[in-house]
Structures are given as C-alpha cells and as structure tokens.
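Please look over the sequence and the structure before reading on.

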Amino acid sequence: MTLQLYILRQLGIAIAFAVGGMAFIAVPGIVVGAVHKLGSVGMQSVFGYLPLVAVELVPYLVPIGFLLALVSTYGRLAADNEWTAICMAGMHPVRLLLVPLLFAAAFGAGTWWLAANVTPRLKLAQRTYLKESMVGAFRRLAPGRTELRIGRFYISGRLRVEDTFYDVLIHVPGGDVGGERTLLADEARFEIVTGKTLTIAMRNARTVKGNVDFQSERPTVRVNLEKLFKADHSKRIAGKYMTNGEIREALRADLYDENPELERQLHFNVQERVALGFVYLMFLTLGVPTGLLLRRGTQLGALAAAVGYALGYYVLSVRAPRLLLDLEALSPAAAAWVSNSVGFAVGAVLCRRALWR
Amino acid sequence: MRFAHLEVGGRIDRYVGSLFVASYATAFLLVVGLMVILDLASKIDYLEPWEEGGEAPTLLALRYWVLNIPFLFLQVAPFVTVIAGMFTATRLRKNNEVVAMLGAGVSAHRVVLPVVLGGALAGLGMFALREGATRTIGLQRDFVHDLLENRRHVRVFEDQWLRDRAGNVIRLGRFYPATGDPPIAVVEDIQATIREDGVWQSITAEEGVYVQFDDPADTTGWQLSRGRIEEVDREQIVPTRIERLRGIEFTPRDVLVAHKADTAPLELSFSEVRELARRDPDNVQWQTLLQYHLSFPVANVVLLLVALPFLLRHGRGKGVEGLVLGCLLCLFYFAADFVARTSGMVGAVGPVVATWLPVLFFGSLGVVLYDSMRS
C-alpha cells in the first residue's frame, strides 16, 4: 500500500505539472488562434470564445499530459534504480501499474462524457459565436479603423475622427430600400440606433453606382444590421453536432433508414467517442515501457518519443478510421478502434520488452 | 578578449551555448509538436467529407500542416526560447555546475550570458523567418488552407475590397488567383473610384485579366472587357470605354494580401503590413501590427531576463518554486501583451503604447531581476 501511495503521489504531481505545463504552452496558442480567427473584435469576445475552444482541446491535452507524466515518473523510478529494487523485492511489475490504471479509468470516463455530451454542443456554439462577435464589434464601430465591413456592407474613409469619416466611400448591399448602391461623400457620420439600425448622415453625397436621388444636401441612409449577414446555408453534419443521447434517439426512431451512409456515420461517432476514452489505457501501454527503456540520460529523449507517439496517434486517427469507414472495409465500430488498436499493438510489444519476467 | 573574467567564446560560453542549443531543439520539438497537435485538433473538420461529394486529399492536408509549421512556431517562438532557457538553467543547477562556476569567480550573470544572447539571436531569427517564410511558402500555405477550409478545388474570393498603391478603393466582385491553363489571375465585376485633379471618377469593368503587355513602359497590368470610366459628379455624360486599367495600380498579390488582411491580419509579414499602412495611413490596425512585429521578437530576451533569475536561485527547495514563479511571470507577460495589443488594434490605445508598454514594463523588471541575481 505504501508503494502504491508513493506512485500515486509521484504520478499525480507529474500529471499536474505536465497538464499545467502544456496549458502554459497551449493557452497562448489557443488565444493567438482565437484572435486570428476573430480578428479585431475586442478582448471580451476573445475571452468568451476561449472556453469554447479550450474545452474541445481537453481530450487532446489531458491524454498527452498523462503520457508525459507516465514517461517521466517511471523513467525516474528506473533511473534511480527504484524499479530494480521493487522488482528484486519480488513484486510483479504489473502491480506497479494499478495506480496509472485507476487514473486512466477516471480520465477516460471523464473524456468520454465530455466527447459524448458537451463537445457536440460547443461545436455548434462556435459557428454562431463568430458571427455574433463581428456584429458586436461593428456595433462598437471599432474606433481608429478607417475601414469597416460587415457582410457585403463596406465603409472606407481617408480619415476618421471618432464616428465621422472623411472622403468616404460607402457600399450598401441590395435588399434594403434603394437597392445596391455605392456612394461617395465628403463627410459621413455613423450612429447605431437601438442596436439594429445603422444611420449614416452624409455631406455632399453623390452616387457612384446605383439609382439614388439625393433631395437634400445632407442625406441620411439607414441600414438594417440584422440583414447584412449571409445566411449560413451549410448543412449540419449530423453526428458531429449531436450528443450520444440525440444519436440514440435518432437511431431508435429509424430517422435514417433511407440514408444508410449517415446511419453508419452515427454508429461510428458513438464508437469514436468510446475509443477516445480508451486513449489513456493505450498511452499507458506506450508510456510506461518507454520511460523504463529510455531511462538513461535526462529523459528528454523519452519525452520527445512520447510526443512522437501522440503526434503519430492523432495523425493516424484523423484520417485512417474515416477512410476505412468510407470504403466499407470495416464496420463502423471496428473503424473507430483502428488507431487505438495500432497503439495497443505497439504498446504490447514495448510492455513485453520492458516488463516481461 | 575577455568579458567579466571569462574569455568571450571560450570553453564555458561554448558549453553553456551548446546546452542552450540542444535545449532549444528539444523545446522546439515539444512545443511545436504540441502546437501541431492542437492545430490538428481544432481543424479536424478539414478532413471531413465535402457536402458536394469528395473530400480533401490526405496528401494535401499533410502538405498544409507541414507548410504551416513555421507559422505555428512564430506564434509561440518566445515561449520556445524561455523553455529552452529554463531547461538549460535547470540542467546547470542540477549538476551543481553553477556553484562550481561561481566558486571559480565567474558571476551568475556571465554564466548565462550565452543564453541571453541566444535569445536575442532567436528574436532576430523570428523576424527573418516571418519575412522569408511569408515570401517563399506563404502563398502555397494560404492556397492549400483556402482549399481545405472552404472545401473546394478552385480558389475564388468574392466581394473583395482593397486599396491600390495610391490608396484608391477597389471592389472586385470575384477574384480567381489562378485559373485556366496556363494559370492567370482573373477578376470579375471590377469597380474602382479614383480622384484626379479634384474630380472623382468611377471605373467599372465586367472582367479583367492580368497579362503581360508589349509596352516596355508598362509590362504587366489588367486587360479589361467592357471597361468604362466616367465622372461621378457630372450627370448625363457618356462613359468612356477603356481596354486597360489605368490610374489604378494593383497586382494579384495585392489582392491576396488584402484577403489575408481581412481574414488573418496577425499572419501578415512586416513588409506586407508596411505596405498596407502606406496605403491606409490612418488605420490604427496596421500601425499597431507594424509595432507588434518589432516588439514581439524582443519578448525572447525579455522572458529570459524575467525567468532565469528565478531558476538560478540557491538554497534548498528553491528550484521548483523558482520554476513556478518564472512560468507565472511569463504568463503575465503574455496576458499583458495580448491585452495591450488587442487594445491597440481596436483603437482604444495608441499603437506604440499598446505594443511597447508590456515590453518596457517586463523588460525593466527583467533587467532588475537579472541584475539582482545573487552571485
């Protein structure tokens, strides 16, 4: 029991460090990626988008952290000859894997639950978030920008002072009163009214394109912001946005009887999420023997090998299962487990080399 | 030549330098490998079947991720440097090499000077890599990315706005960067406005093809179909037909840069941002990005100056505590840099203040920490 508690403490600290360390590296990358995707929409929007992206990355970060922790912990046990001493005391090496097995079970269950119930809803939320952020940024009129664009509506000025543009070109898309038109003005002041209507008060406006007859020296154009975005015509790919409960309901109700391909896809999605939960067990069979076998030196080689396993696994898992599914070479359940099977096979060989007595 | 009791480029410098280089290579593999996995995870949609049938070729997807590696690295390069510095300092401390060097009369500042210089080199390398990679593989990467993201075999931009070299605004209904055999750039539904001698003129055309002309003074340009030019301020005037675009100067590459500026402004290179800023001098976004391209590489040195003193602290149990404190300060720097830069890009703060304030604050802190290292 003392030994198990010792390994529990060592592994727990290593997992905390590994996941924390990767979060330290990954969070800037996630934030930079979010800013790249959202553009200059403001910090509030970026902070709101971060949880949507970060939760999706948990099924990748935590398994890799677990793998690195295993390599580090068991590598150190071997390097300090503690592993040798324990084995010499008559304890079977497999008994020393009980603690990581517990961790794998707990993490695996959590990851499966996340993939089955939370991530599908987040994927859908991400799609709408971008649109809402851009509208929000436009409503704030992004001070300092001489060029604003939302959907097909466009404003560009040579100079801007607060909400007034000078030497301004305005393109208003069709759909509103007056149809599509492009206007030039010496001066244009913008104001958002009730959060939905953009009012543009111009001075010395003339038409570049379109049929507009300005009766006044200071005409005003009103644009409905709600209508400016293109409608999203892309179809939802069913399984990706459905939780496990929704998939089961759909299959029970035979909604996809006339679409066997989609039915296969749904079965695949369910199995894929289960396979994701078993990644921890697979990484256990890879990480422990790697740490034991590459114990010489500073463990950097073992850690680099671990990252290599993770990279190889994820590269294989993004394409091979779907390819086999499309070719109907395997059943949906079997296709979902292909990557894990390859990992388990390699892990079995390594475990035999490192643990066999 | 000696500096602080040690020969410049001598054995100790070479030893510490080689440790840093090895640590940098490992940190690069770890950090960039992790970034590739995260990028893969966030873009897993690219490999799903397309709605119209078909899917992205596996080799194309692999090509994208290989071409994207330099750009992923540039996003987190200062963190690779600081992690490499941490590895190096930890290794020196673990083997009691720092104690031995201090005992020999070499100051801690001098011991880690090769690491700081390595960080400065990394910063310069960052700048050069961004310019070089954007010029050489940037277009290919953007092309493959567009095909994967938009799930199509032909690249086309719709409703693209840009400014030409004189700052005139142009609207392109559709732009095909490379179409036909041999591939040429084609635009459809061109609309541009120019001001000549105080008079606004509007240029429109149904189609434009980027060709090489025989005129030695004007080798390349846009050959127009149904091109017209007319004055905006005067009514009832017959438009003049034109066959070549004159008075408006832009190239297909300008359109690609304008599209990148719309969709991923942080991926623009310094030279691209400089050109955009020249064409639109009052736009704070370009001014902020210009300064950002200069200040972000400096973070390589700033983060090292902040983190190294914590790792070289002596005394029992100070190693882990120092590591955690160093990491926290680096995170704070990143957070401050992000907040300040975003404020600059939305116009809340001036561009120079937005980009250089975190560098100055943390740089000063780093210099104080570095200087106050026990030695």
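The contact between the chains takes in 70 residues of chain B and 61 residues of chain A. The coordinates come from a predicted model.

**Interface**

The size of an interface is often given as the accessible area lost when the parts come together. For chain B and chain A, about 6100 Å² is buried between them, and 65% of this lies on carbon and sulfur atoms. B:I37, B:W161 and B:F338 supply 10% of the area that chain B buries against chain A, more than any other three residues.

| Item, chain B and chain A | Value |
|---|---|
| Salt bridges | one salt bridge |
| Polar contacts (both residues at pLDDT 80 or more) | four residue pairs |

Helix α1 of chain B (residues 11-42) gives twelve residues to the side of chain B that touches chain A, the largest share. In a salt bridge, the side chains of A:D167 and B:R195 meet at 3.2 Å, N to O.

**Nonpolar patch**

A nonpolar patch on the surface is formed by A:I13, A:F17, B:V324, B:L325, B:L328 and B:F332, with about 520 Å² of accessible area together. Two elements give two or more residues each to the patch: α1 (2-38) of chain A and α11 (318-345) of chain B. The largest share, four residues, comes from α11(B).

Is B:L328 buried or partly exposed? B:L328, which sits in helix α11 of chain B, has a relative accessible area of 39%, so it counts as partly exposed.

Terms used: Residues numbered from 1 in each chain as written. Chains lettered and ligands numbered in written order. Heavy atoms only, no water. Patch = residues over 30% accessible without salt bridge, like charges linked within 9 Å, V, L, I, M, F, W, Y side chains within 5 Å. Areas by Shrake-Rupley, 256 points an atom, 1.4 Å probe, with all protein chains shown as cover. Salt bridge = Lys/Arg side-chain N within 4 Å of Asp/Glu carboxyl O. Buried < 20%, exposed > 50% of the residue type's maximum accessible area, 1.4 Å probe, protein only. Contact = heavy atoms within 4.5 Å. Buried area = accessible area lost by both parts, 1.4 Å probe. Polar contact = N/O pair within 3.5 Å; in protein donor to acceptor, adjacent residues only side chain to side chain.
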